[in-house]
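This report describes selected features of a protein structure for computational work.

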Amino acid sequence: MNEKKNKKKQNRLIMRSAILLVLIAAIGYTIYNSATADDVTVLEVGDKAPDFALADLEGNDHKLSDYKGQGVFLNFWGTWCKPCAKEMPAMDRQFDVYKDQGVQVLAVNIAQSDFEVQSFSDQYGLSFPIVIDKTKSVMTAYNIRPLPTTVLINPEGEIERIVTGEMTEEDIKGFMEEIKPE
Amino acid sequence: MEKKQCQCGHLNPPGTVLCEVCGRSLTEKEQKSKLVDMRYEGTARRSQTYNKSIIDKVWNFFSSVKVGVSLIVLLLVAAAIGTILPQKAYIPATTAEEIKAYYADVYGSVGRVYHFLGFHDMYSSFWFILLVGLLAISLIVASLDRFVPLYRSLKNQRVLRHISFMNKQRIFADGPGAEDTMQKAEEKLKELKYKVTTDKNGLLAEKGRFSRWGPYVNHIGLIIFLFGVMLRMMPGFYVDESLWLREGETRAIPEAPGYSLENKGFQMETYTGEDDEAVFNEAIDRVGSVAKNYQTDIVLYQKPEDSLPGAADLEKVKESSIRVNEPLKFDGYAIYQMDFRLDELKAMRFELTNKESEESLGELTIDLINPEKTYDLGNGAAVKLLGYYPDFSGFENGEPQTATPLPNNPGFLVEMTTPETPDGETSFITIKNTVEPFGENQYKLAFQAAETRDVSGLTIRKDRTLPILGLGGLIFMIGVAQGMYFNHRRFWIQQKADGEIILAGHTNKNWFGLKKDLDQVTEYASLPAYVDQQEEIEKAEKLESEEQS
């Protein structure tokens, strides 16, 4: 009789704990989801970087998959964005150092005219390829919100790091070091 | 708490008010009252039964109706506060600072406090969601705690109840009966669609028991509804995005991977007031103009399956128009016409003229979306674009700046060459003025005209949770109907050895209907006349108070 009672008590505890646990987990997950809803990071560190194909100012297509085996420093920018303009010369200098070590810089302009991008490139004497995302489809695929945003892609094609905001030359150097092939 | 042994010998779980078997009152309070408390059939709500581990305590907390009602009140108050000022999603500001400034500027100190307390984003704040979640737990726990014992008790109810249970029912009768009374009562009750069970000298007639499950069905509906709302926050279930699309632009549709939309043209029509539209004249006179149509002509593109984002090989899916209330629908998405802005600058026409003689050397049109490098005017005259600043915002270190990529306030740095000035003259032109940085020029670019384009404000929606929300709502309504429009009616009748009839009746609502049924049975089976004991009590109380005053 007592044993039966204990068993019943135990079952009750398990049942109640299970129900409460499931409900609390559901609430926790919902709150977590709503808290991160503003910056829906469809992309996360460790994800495979979505492939894309964009044309540069000379009309040459650049596919992300073309750079497999190299580290790709993918920088999203616009001429109106001041921090973007500030970090560009530093990126160019570090690209000079790391391009022979298998690091590729790709600057993705957000839907501006060829003229604006070309004059910007000429003004700063940039040597890395600049592609223009005319329909914002790559920006949408990568879920880029603030500019500048830099996506660091390792030689395996996986996202190593996502940087939003301006980077110092030290940062840039460190990031290139991170994605440099062995 | 200990188990309670009833006089009939049955061992009841702790917290029981009326004996599960015979219906005798088990508590002192209950024994003293004139009528029994029939809520939950006098069973022990489970929360009152055990209170030992922490889990039990948490469980009991949520099982309390007081807690549930408090949660509902809190939610109501919070939801009401959220409607005092517009939520952040509906104000024309995007960044955190802009939003903060907007509330302060538009609503003053009230707005500042409102924003400070986080009420500007009420419905997605973590504590609001937490409150809804707690309410969901309360609904589930409280329902389980009440439904399970009630179900058991109704399933196992006995036909023969103790006299003390019967005479404390609201409807009670006691008096002599004939030999065939029981049999006739059973006949009539069956005719009235009651389910009759008999045991020895008694019978139990029951109808509409399922009405007792109404509240619990209702709660299940609510839980499903809340589950659907929760799903909205999961990626892929719910999309509510906006897209400003300028005429001539093609843009990837946010949250709709692979799809792009081109704006072929926006139009806004108003009623002319002529012919068929004469009925609108009064309104037109009063307000100036009456909108007839807002429309965006669009082309929907999809990226071929083996193609990559960014590639130019988009495939046309369809060409159509989006009007207010006539969205473009595809693949579970709907795109609505929501907003518009008229007349954004698109192109500007200039004339190259000699300042002194006002002689023109020709015209050029600069496309503000896609400017060219040089504009050859022929006869040795040309204008070369050195710099273009679509939204000129001033100089920084002598360098012209642009605030946004939109041509709101275009600025051009140009070099003009003419046969007269073969070395070229440099000029910086904005809408308001012209700067000649290297001294007085002989030539100028005189502004002639501007071309504009409209911007269409579109909303992209997808809602996969609608069927779940619909199901939840339907079940909710079924529960309401079940509990409201059906009654659980019961009669207990016993005939003692000396022929005396004892009758008791109970219903969860609609006592009038119960009495109407009983009147028919009483007449047919010659039952003793019944009393409504509650009415008797009320009458007595009324009399008493009248005597006192």
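Which residue is the bridge partner of B:A173 in β23(B)? The model is predicted, and in it the partner of B:A173 is B:L503.

This bridge belongs to the pairing of strand β3 (residues 171-176) with strand β23 (residues 500-507) of chain B, which is antiparallel and extends over six bridges. Both strands are part of an open sheet of six strands in chain B, ordered β4-β5-β22-β23-β3-β24, with antiparallel pairing. At its edges are β4 (195-199) and β24 (530-532) of chain B, each of which pairs on one side only. From one strand to the next, the twist averages 15 degrees. Helix α13 (residues 533-548) of chain B lies across β3 and β24 of chain B, and runs at about 55 degrees to β24(B).

The largest nonpolar core comprises 47 residues, of which A:F73, A:L74, A:F76, A:F128 and A:Y142 touch the most other members. Helix α2 (residues 82-98) of chain A supplies the largest share of this core, namely seven residues. Leaving aside residues up to four places away in sequence, A:L74 has contacts that include A:F52, A:L106, A:V108, A:Y142 and A:I153.

For chain B, the unreviewed UniProt entry places the feature "transmembrane region" at residues 67-85, 126-148, 216-238 and 466-486. Two of these segments are described below.

Technical notes
Residues numbered from 1 in each chain as written. Chains lettered and ligands numbered in written order. Predicted model: local features only at pLDDT ≥ 70, side-chain atom pairs only at ≥ 80, totals over all residues. Heavy atoms only, no water. Core = buried A, V, L, I, M, F, W, Y, C linked by side-chain atoms within 4.5 Å. Buried < 20%, exposed > 50% of the residue type's maximum accessible area, 1.4 Å probe, protein only. Helix = DSSP H or I, 4+ residues; strand = E, 2+ residues; numbered from the N terminus. Contact = heavy atoms within 4.5 Å. Pairing = 2+ DSSP bridges. Axes fitted to C-alpha atoms, helices over the stretch in contact; angles between N-to-C directions. UniProt positions renumbered as here; feature names shortened; annotations may be inferred.
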